[in-house]
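Visitor: I am new to reading protein models. Could you walk me through one, feature by feature?
Guide: Gladly; let us look at it together.

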Amino acid sequence: MSRQLTAPSTIDGGSVQVRSLTYPDLPEVMSIERRAFPTPWSLAMFVLELSKSSGICLAAESAGRLAGYLICSRYETVWHVMNVAVDVGQQGRGIGSALLAALYERVADPDARYTLEVRRSNDVAIHLYERDGFRPAGVRRRYYQDNGEDALVMWRTPDTLAGGLGDVPNPGASW
Ligand SMILES: CC(C)(COP(=O)(O)OP(=O)(O)OC[C@H]1O[C@@H](n2cnc3c(N)ncnc32)[C@H](O)[C@@H]1OP(=O)(O)O)[C@@H](O)C(=O)NCCC(=O)NCCS
């Protein structure tokens with residue numbers, strides 16, 4: 001599914017396009033990844049995710065260059081957003097929002113459940129996810145090895161979109 005040919009989504013009057021991520025994008029992905037994260041993914045991790053036929057991997061392109069990407073894996077009935085990043089000079093233009101919107105559009109299932117982990121200190125990402133209907137539903141203690149920071153586990157489900165946590169597994173869990 002990661003290489004499916006679907007119509008690209010656009011923002012900024014069409015200057016940013018969201019399309020499927022492909023293997024030739026990976027050198028630019030690695031550059032953005034290294035600028036965006038203190039502990040970047042390896043190339044092998046991206047290759048593995050792109051090789052999964054059930055996942056959705058998206059690229060946001062601006063002026064012919066990669067501006068951001070999103071990696072989402074499917075585990076049975078749950079979509080796990082594994083990685084989202086927008087290049088440092090391109091943040092705040094709506095590209096992260098557009099990548100998430102394109103993900104929901106491609107999953108095309110109103111009952112879909114999405115989950116992700118995010119650093120507790122990552123206010124911008126948490127704001128973006130909450131604005132999109134994700135809700136914090138648990139904590140993974142010392143999840144990030146570089147500084148021992150906790151991860152907030154967030155879910156976006158039919159119930160979180162309606163203001164509850166009824167269809168979220170183990171809400172409030174800490175492990
Ligand atoms: C998190 C990230 C993907 C968001 O992408 P983005 O393209 O910058 O986000 P958008 O422009 O779509 O903005 C989303 C929201 O965050 C807000 N926002 C964006 N950058 C902001 C900043 N620097 N300070 C405060 N708010 C900010 C926007 O105003 C918007 O909120 P609004 O709709 O209520 O106005 C991007 O900042 C990023 O790549 N960060 C580094 C990597 C990272 O942390 N990834 C997430 C890992 S879980």
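Visitor: Which two strands form a hairpin with two residues between them?
Guide: Before that, a word on what you see. This is a predicted model, where local features need pLDDT of at least 70 and side-chain atom pairs count only at pLDDT 80 or more, while totals for chains, interfaces and linings use all residues. Residues are numbered from 1 along each chain as its sequence is written. Helices (H or I, at least four residues) and strands (E, at least two) are DSSP runs, numbered from the N terminus. Two strands pair if DSSP finds at least two bridges between them. Here the hairpin is made by β3 and β4, and A63 in its turn has a positive phi of about 50 degrees.

Visitor: In which sense do β3 and β4 pair, and over how many bridges?
Guide: They pair in the antiparallel sense, over seven bridges. S62 stands opposite R65 in β4.

Visitor: What is the order of the strands in the open sheet?
Guide: The sheet has nine strands in the order β1-β2-β3-β4-β5-β6-β8-β7-β9, with mixed pairing. β1 (9-11) and β9 (173-174) stand at the edges with a single partner strand each, so one side of each has no neighbour in the sheet. For a parallel case, look at β5 and β6, which pair over three bridges; the bridge partner of V78 in β6 is R113.

Visitor: Why is β3 said to be largely enclosed by the rest of the structure?
Guide: We count neighbours: a residue is buried if 20 or more other C-beta atoms lie within 10 Å of its own, exposed if 12 or fewer, and partly exposed in between, with C-beta atoms placed from the backbone. Five of the seven residues of β3 are buried, so the strand is largely enclosed.

Visitor: How many residues does the largest nonpolar core have?
Guide: A nonpolar core is a set of buried Ala, Val, Leu, Ile, Met, Phe, Trp, Tyr and Cys residues joined through C-beta atoms within 7 Å. The largest one here has 37 residues, and L58, A60, Y69, L70, L99, L103 and M154 have the most contacts inside it. α3 gives the most to this core, with six residues. Domain 1 (1-108) and domain 2 (111-175) both give residues to this core, so it lies between them. Those domain bounds come from an automatic or database domain assignment.

Visitor: Which residues does L99 touch?
Guide: Two residues are in contact if their C-beta atoms, placed from the backbone, lie within 7 Å. Leaving out residues up to four places away in sequence, L99 touches V18, L58, A60, G68, L70 and V84.

Visitor: How far apart do the C-alpha centres of the two domains lie?
Guide: The centres of domain 1 and domain 2 lie 20 Å apart. The contact takes 11 residues from domain 1 and 10 residues from domain 2. On the side of domain 1, β5 and α3 are the elements that give two or more residues.

Visitor: Which residues come nearest to the ligand?
Guide: A residue is near a molecule or strand if its C-beta atom, placed from the backbone, lies within 6 Å of it. Of the 19 residues around the ligand, Q91, I95, G96, S97 and A125 come nearest. α4 gives the most to this shell, with five residues. For classes, Ala, Val, Leu, Ile, Met, Phe, Trp, Tyr, Cys and Pro count as nonpolar, Asp, Glu, Lys and Arg as charged, and the others, Gly among them, as polar. By that rule the shell divides into 10 nonpolar, seven polar and two charged residues. Domain 1 and domain 2 each supply at least three residues of the shell.

Visitor: Is the phi of A108 positive or negative?
Guide: Most residues other than glycine have a negative phi. The phi of A108, however, is near 50 degrees, a positive value. A108 sits in the loop between α3 and β6, and A108 is exposed, with 7 other C-beta atoms within 10 Å.

Visitor: Which residues does T39 touch?
Guide: T39 touches Y144, Q145 and D146, not counting residues up to four places away in sequence. The C-alpha atoms of T39 and D146 are separated by 6.9 Å, though the two are 107 residues apart along the chain.
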